[in-house]
Amino acid sequence: MKNLESLIKTYNDFPQKGIAFKDILGIIQDTEVFRELILKMSSNKVIKSSEAIISIEARGFIFGSAISLQASKPMLVARKPGKLPGNLISDSYELEYGSNSLAIQTDAIKPYKNFAIVDDLLATGGTVKCVAEMLNDSGKEISGLSVVIELRELCGRDKFNFPVESNLVL
């Protein structure tokens, strides 16, 4: 597989001053690299030991849906406010540049006990922690987190008591 890092562009001061945004779209534009990455991610221990995948809006959906298909596991979603109908659980989280919240449909998680969380990038861990707390508060277990990129200096993984599988650590 090509060097993943070579396919990632960094945009300084986006979405606000002081943030170095990592654009992963180059990975999905290289079909050979994307295919190899999905095969690798869908066969890791975190995914294999889960009953279902929960992907985080929005770029997590790209990777989560492909992993779900390859691993033959159902995919659920954690979305931003106002995007999901039905009965929801929701929680707030802090970002490097503000705060937001996520919601999960309660009926969607009912059939499953154990989830793998999938996202594109792990930075401070706020979004993943938010999803993990909603699942834990609902009596669910987390097999771990699978991400494409981890920004090690932001120490996001330190917030979790479950395994983290990263394909590229920057």
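Is Cys130 buried or exposed? Here are my notes on this predicted model, starting with that residue.

1. Cys130 has a relative accessibility of 1%. Buried means under 20%, so Cys130 counts as buried. Cys155 is another story: at 38% relative accessibility, Cys155 counts as partly exposed, because that value sits between the 20% and 50% cut-offs.

2. While we're on cysteines, what is the count of disulfides? A disulfide is a covalent bond between the sulfur atoms of two cysteines. Going by a cut-off of 2.5 Å between cysteine sulfur atoms, the count here is zero.

3. Now look at helix 6, which covers residues 126-137. Cys130 is among its buried residues, and so are Gly126, Thr127, Val128, Val131, Ala132, Met134 and Leu135. After helix 6 comes Gly139, with a positive phi near 80°.

4. Next, find Ser143 in strand 8, which runs over residues 141-150. Ser143 has 11% relative accessibility, and because that is under the 20% cut-off, Ser143 counts as buried.

5. So what does the side chain of Ser143 reach? The answer is the backbone oxygen of Val46, at 2.8 Å. Val46 also turns up in the list of residues in contact with Ser143, once neighbours within four places in sequence are left aside.

Notes:
Residues are numbered from 1 along each chain as its sequence is written. This is a predicted model: local features need pLDDT of at least 70, side-chain atom pairs count only at pLDDT 80 or more; totals for chains, interfaces and linings use all residues. Side-chain values use heavy atoms; hydrogens and water are left out. Buried means under 20% relative accessible area, exposed over 50%, partly exposed in between (1.4 Å probe, protein chains only). Helices (H or I, at least four residues) and strands (E, at least two) are DSSP runs, numbered from the N terminus. A polar contact is a pair of N or O atoms within 3.5 Å; within protein, one must be able to donate a hydrogen and the other to accept it, and residues adjacent in sequence count only if both atoms are side-chain atoms. Contact means heavy atoms within 4.5 Å. The expected span of a helix is 1.5 Å times one less than its number of residues.
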